[in-house]
Amino acid sequence: MRNSNNKSNQSSGGEEHHNSQESSISTPESRFNQTLRNVQGLLKGRSMPGKVLLTRRSESNTQEPALNYARNFSYNDAETSVSISKALEEAFESPSEPNTSENLNNSKPSIPNVENLPKGPPKSVIGARATDSARVLKFTKVLSGTTVILEKLRELAWSGIPPYMRPDVWRLLLGYAPSNSDRREGVLRRKRLEYLDCVSQYYDIPDTERSDDEINMLRQISVDCPRTVPDVSFFQQEQVQKSLERILYTWAIRHPASGYVQGINDLVTPFLVVFLSEFLDGSVDSWSISELSTDQISTVEADCYWCLSKLLDGMQDHYTFAQPGIQRLVFKLKELVRRIDEPVSRHVEEQGLEFLQFAFRWFNCLLIREIPFQLISRLWDTYLAEGDALPDFLVYIFASFLLTWSEELKKLDFQELVMFLQHLPTNNWTDKELEMVLSRAFMWHSMFNSSPRHLATG
């Protein structure tokens, strides 16, 4: 823990002296910074419902203890949220509107230190993050009700789900499992049988009963499956690739408006790992799907199929012809980056690099190819907690992700930018870096969503 008492006394004295010198000067930048301090004051010791705390990183302490990302949430912080929105609105609605790019970059939030607390009983270490007992109790309370209140579940899930609870929570968040516990078992059983019927009807047939388009589609899927998450050995198992193939082909046949599109194969992998974690213990690298019975594999496949369907129902035009939904979001990302960090935006434009050249893959695969796979489940906790709002919130996550390397990007020419953005230095990322990305995304969403005209073109 940091020695905060002496520092707080020194900093308060220094700020008092500084404020006395500048009391007569009110610049747009100082107003913005003061607003940021006010926001952080409102947040101090409190929780944003369903989101993350925002604090300024201390630059004076060079030896920080390991961070534990357990957080407690309250459902009674409405007044705080309203006050924050008003403060941010006032900052952006000042008569002489400043260029806030530099200030926004200098006010990136960091995750607060908390003491190590007991973890819940982990079933799998995939995507594991520190989870305090109070949060586990909150999840348990929400999940144990006769009817799960999904809004409360979303608030908790946004900042991470205990790994052993993740399968149940994901099914609920996606609407695959009904919120009413009395109906849940029956519905899941029926949906799993329906998937098996679809596999029998569409997949387990000879090629002579398929159209040419269906044969070509199945061939493309069979080529893509071995390429899926190539750096994780588990996905190189032949039985795993067969499961992927069955899920993807069945989904494509049942969704003819888009059919199979490369990239959808990546989207199955988080579901596959999370639902397999109910049957397999330890690290995913040590798993062998051959240890499971045929019924267990069928159950996992069915859950993956239906959850993939639910996820893509909310972004159908991302995978139809020409993928207009992704193109629209890439344009929004370009505009958001221009508003947040104009120097980076200008440099990228001057170098002749189009956002579509690097960000298309981000939206197509939802960052699965950009960050270590062990972080994907945690990232998807936030994705699924966003629900129908996910496509728009992806723009803020990806802006935060890109601007992680704001200073580096401004030093690169076109060819260097292309190479850098295709091979981003995320191999050593941990929960810490991911939480920072999500923190900034939430902060910028709070700022611009309450002042939407600041994202208007012109």
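Residues are numbered from 1 along each chain as its sequence is written, and side-chain values use heavy atoms, without hydrogens and water. Because the model is predicted, local features need pLDDT of at least 70 and side-chain atom pairs count only at pLDDT 80 or more, while totals for chains, interfaces and linings use all residues.

Me: What makes the contact of arginine 166 and aspartate 381 a salt bridge?
Reply: A salt bridge needs a side-chain nitrogen of Lys or Arg within 4 Å of a carboxyl oxygen of Asp or Glu. Here the N to O distance is 2.8 Å, so the pair is called a salt bridge.

Me: Which parts does this pair tie together?
Reply: Arginine 166 lies in helix H7 (residues 166-173) and aspartate 381 in helix H16 (residues 376-386), so parts 215 residues apart in sequence are tied together. Helices here are DSSP runs (H or I, at least four residues), numbered from the N terminus.

Me: Why is arginine 166 called buried?
Reply: Buried means under 20% relative accessible area, exposed over 50%, and partly exposed in between (1.4 Å probe, protein chains only). Arginine 166 is at 2%, so the word is buried. Aspartate 381, at 0%, is buried too.

Me: How do you know whether glutamate 185 is buried or exposed?
Reply: Its relative accessible area is 57%, so glutamate 185 counts as exposed. Its salt-bridge partner is arginine 189 (3.1 Å, N to O), which has 46% and is therefore partly exposed.

Notes: Helices (H or I, at least four residues) and strands (E, at least two) are DSSP runs, numbered from the N terminus.
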